[in-house]
Amino acid sequence: QLPRAPFESAASTYFAAIMDTTDDYIYFKNCNHVLIGASQSLLDLCSPTGEWSELIGKTDYDLFPEEFADHYYRLERRVFAGESVAREIHQGVGKGGKIGWIDNAKYPIHDGSGRIVGLYGIARDISELMRTKARLRDEQEHRRAVFDTVASPIFVKDSEYRIVAANQAFYDLFAL
């Protein structure tokens, strides 16, 4: 049988490893919206450059432009009002003012009596996904524009021979 470390010691070690190496932005706040813990990666979004401990005691208004801090604050108020999760995809700002997209979820932390004593959040940078979606949407609109400008009737059928797409010339020919 393998030797076992006390749960608290092992959990603390594993938790610290996650907080030091995750790409996600993980943070803990008290009921006053003040940071009490954060992953090292959260520094990628803020101006401090050393250790996550530099973020402790700060609010989003200390770390981000007011527009973004206002958004984060409104999301957190939903958690403190009793929502089990407040989640949104929104624009965010990183170091050097680089704008990107963040999938931001915030969850309440309850004490033993069920009272909300804080929150934790997990945010993920989905900027590349959003850029890819926008590029695909643009390509689809371009193909659709070309498809609709062809003078000959064109239609597409699926594997069950149902018409799933047709251009305007097709609709005009058959008066549909």
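This section describes the strand pairing, the nonpolar core and the aromatic pairs of a predicted model.

Strand S1, which covers residues 25-30, is paired on two sides of the description given here, with S5 and with S2. S1 and S5 run antiparallel and are joined by six bridges, among which lysine 29 of S1 has leucine 119 as its bridge partner in S5. S1 also runs antiparallel to strand S2 (residues 35-38), to which three bridges join it, and here the bridge partner of phenylalanine 28 is glycine 37. The hairpin formed by S1 and S2 has four residues between the strands, and within this hairpin histidine 33 adopts a positive phi near 65°.

The largest nonpolar core comprises 19 residues, and Leu42, Cys46, Leu55 and Phe64 are those with the most contacts inside it. At least two residues of this core are supplied by each of S1, S2, helix H3 (66-80) and S5, with H3 giving the most, namely four residues. When neighbours within four places in sequence are left aside, leucine 42 is in contact with Tyr25, Tyr27, Leu35 and Leu55.

With ring centres required to lie within 6.5 Å of each other, the count of aromatic pairs comes to eight. In one of these, the ring centres of tyrosine 107 and tyrosine 120 are 5.0 Å apart and the planes stand at 20°, so the pair is classed as stacked, the cut-off for this class being an angle under 30 degrees. Because tyrosine 107 belongs to strand S4 (residues 99-110) and tyrosine 120 to strand S5 (residues 116-125), the pair ties together parts that are 13 residues apart in sequence.

Phenylalanine 170 is buried, with a relative accessible area of 8%, whereas tyrosine 171 is partly exposed, with a value of 34%.

Terms used
Residues numbered from 1 in each chain as written. Predicted model: local features only at pLDDT ≥ 70, side-chain atom pairs only at ≥ 80, totals over all residues. Heavy atoms only, no water. Phe/Tyr/Trp six-rings, centres within 6.5 Å; stacked < 30°, edge-to-face > 60°. Buried < 20%, exposed > 50% of the residue type's maximum accessible area, 1.4 Å probe, protein only. Pairing = 2+ DSSP bridges. Core = buried A, V, L, I, M, F, W, Y, C linked by side-chain atoms within 4.5 Å. Contact = heavy atoms within 4.5 Å.
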